Structure formats: C-alpha cells, structure tokens
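Please examine the aromatic contacts, the nonpolar core and the strand pairing of the following model.

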Amino acid sequence: MRKYLISAAALIAVAGGTTLLTSGVIAQAPMAVPGSKDVAKVTGGTYSVEPSHTQIVFAYDHMGFTNNMGVITQPTGTLTLDKANLSASKVSITLPIANLTTGIPALNEHLAKPEFFDAAKFPTATFVSTGVKTDGATGADITGNLTIKGITKPVTLDAEFYGAGANPMNKKENVGFVATGTIKRSDFGMGGFVPVVGDNVELKIIVAFQK
C-alpha cells in the first residue's frame with residue numbers, strides 16, 4: 001500500500017505540486033482561486049448550464065425521524081443575463097429524472113415509479129423563469145414555472161450570486177449562483193404517504209453557467 005501512496009504523491013508532484021482531478025484526468029490547477037465574488041466580473045450575454053458542476057439538492061422529512069436528501073445532476077439549460085436590466089434576465093433548466101439519486105438504489109427505483117416521478121412517462125422536469133427581481137447587490141427573487149409529471153406550478157427561488165470569472169481549464173467565462181426554495185410534492189401528483197412523509201420539499205440549487 002505504501003508504494004502506491006508514494007506513486008500517487010510522485011504523480012501529483014510532476015505537475016508542480018498543485019493538481020486538479022477532473023473527468024478522471026490529472027490536470028494543472030491554477031495557483032489562485034479564479035472565481036471572484038465581485039459582481040463587476042459578471043458580463044451580460046447568453047450562458048449554458050455547466051452540467052459537471054450543477055446540482056439540484058432536495059430534502060424532506062421522513063416520519064419525523066430524519067431529514068433525508070437526494071440530488072439530481074447534469075441538467076441542461078440557458079441563462080440570458082442582461083446586466084443593464086437584470087429584471088429582463090431569463091433562465092431555463094431541464095432536469096433529467098434518470099439522474100436522480102439518493103445513494104440508495106432501492107429508493108431511487110421507488111421514486112421513479114408512477115406514484116412519484118413516473119420517470120418512464122415523464123423523463124424530465126423543467127423550470128422556466130417568468131420574472132427576476134433584484135434583492136440587494138448580489139441577490140434576486142426568481143419567479144417561474146416548475147413542471148413535474150406534466151403539472152406546472154409557479155414557484156419562487158431565492159438566488160444569490162456566488163462567483164464569476166474565466167475558467168483556467170478551458171478559458172471560458174463562468175458565473176455561479178446558489179438558489180433555495182420550497183415546494184409541496186403533492187402539488188405535482190407525488191403526494192404518496194403524506195403526512196407521514198413530509199409534503200414540503202426543500203430545494204438547494206447549485207448552478208454554474210458557462211458562456
């Protein structure tokens with residue numbers, strides 16, 4: 001085991017002591033954090049969701065005993081950012097239900113069944129913004145239509161700017177946000193076991209956009 005640890009350390013040292021594991025490849029990492037909390041670093045234009053670093057985390061009460069969680073990964077979508085008029089900005093995201101995981105295979109299969117997501121019939125969920133209202137220097141309330149299982153309901157997300165700048169790995173401009181909100185799963189035809197299992201689902205959306 002020791003020789004493998006030494007080999008790994010030597011491999012890391014080859015790149016000058018600072019490396020980054022990405023997509024299974026060891027690559028040279030920057031010596032300083034490239035993302036900035038300065039909103040002035042954000043430029044307007046059209047961005048695409050960067051799926052490798054975007055996650056939709058959900059949490060719900062289970063019988064009053066635990067606050068269980070799951071995640072949906074690798075969504076697609078776009079952000080149109082109007083710096084001169086932020087209220088005119090728009091965001092659209094599509095979530096692949098097949099990429100939902102709780103870390104428990106049997107529960108993943110259960111949530112894919114008709115009484116919940118009915119993933120075979122409705123393989124995606126979508127969010128399309130209908131309005132953006134700024135909240136301070138770095139926040140915004142984003143209203144929009146969330147569609148799950150063919151049912152569309154209005155929701156509001158509390159979004160906060162996280163960072164922006166050029167990604168040194170591909171030289172493309174990135175901007176990141178964290179958004180939170182709460183929905184009722186019964187509103188979307190997924191009310192099984194309410195109230196023993198909680199109806200309210202808390203959302204935390206970590207999203208990276210790339211120009």
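The questions below concern a predicted model.

Q: How many aromatic pairs does the structure hold, and is the pair of Phe 58 and Tyr 60 stacked or edge-to-face?
A: The structure holds 4 aromatic pairs. For Phe 58 and Tyr 60, the ring centres are 6.5 Å apart and the planes lie at 15°. Planes under 30 degrees apart count as stacked. Because the angle is 15°, the pair of Phe 58 and Tyr 60 is stacked.

Q: Are Phe 58 and Tyr 60 buried or exposed?
A: The classification rests on relative accessible area, with under 20% as the limit for burial. Phe 58 and Tyr 60 are both buried.

Q: How many residues apart are Phe 116 and Phe 193, which form an aromatic pair?
A: The rings of Phe 116 and Phe 193 are stacked, at 6.3 Å centre to centre with 20° between the planes. Phe 116 lies in the loop between helix 2 (105-111) and strand 9 (124-135). Phe 193 belongs to the loop between strand 12 (173-184) and strand 13 (200-210). The pair thus links distant parts of the chain, and its members are 77 residues apart.

Q: Over the ring of which residue does the charged end of Lys 37 sit?
A: The charged end of Lys 37 is 3.3 Å from the centre of the ring concerned. A charge sits over a ring only if it is within 6 Å of the ring centre and within 35 degrees of the ring normal.

Q: Which residues have the most contacts inside the largest nonpolar core?
A: The largest nonpolar core has 42 residues. Phe 209 is linked by ring pairs with Phe 161 and Phe 177 into a cluster. Val 175, leaving aside neighbours within four places in sequence, is in contact with residues including Leu 79, Phe 161 and Phe 209. The residues with the most contacts inside the core are Ile 148, Val 175, Ile 183 and Phe 209.

Q: Which residue in strand 12 stands opposite Gly 163?
A: Strand 11 and strand 12 pair in the antiparallel sense over 8 bridges. The two strands form a hairpin with 6 residues between them, and Lys 171 in the turn has a positive phi of about 70°. Opposite Gly 163 stands Gly 176.

Q: How many bridges join strand 10 to strand 11?
A: Strand 10 (residues 139-148) and strand 11 (residues 151-166) run antiparallel. Asp 141 stands opposite Asp 158 in strand 11. The number of bridges joining strand 10 to strand 11 is 10.

Key: Residues numbered from 1 in each chain as written. Predicted model: local features only at pLDDT ≥ 70, side-chain atom pairs only at ≥ 80, totals over all residues. Heavy atoms only, no water. Phe/Tyr/Trp six-rings, centres within 6.5 Å; stacked < 30°, edge-to-face > 60°. Buried < 20%, exposed > 50% of the residue type's maximum accessible area, 1.4 Å probe, protein only. Helix = DSSP H or I, 4+ residues; strand = E, 2+ residues; numbered from the N terminus. Core = buried A, V, L, I, M, F, W, Y, C linked by side-chain atoms within 4.5 Å. Contact = heavy atoms within 4.5 Å. Pairing = 2+ DSSP bridges.
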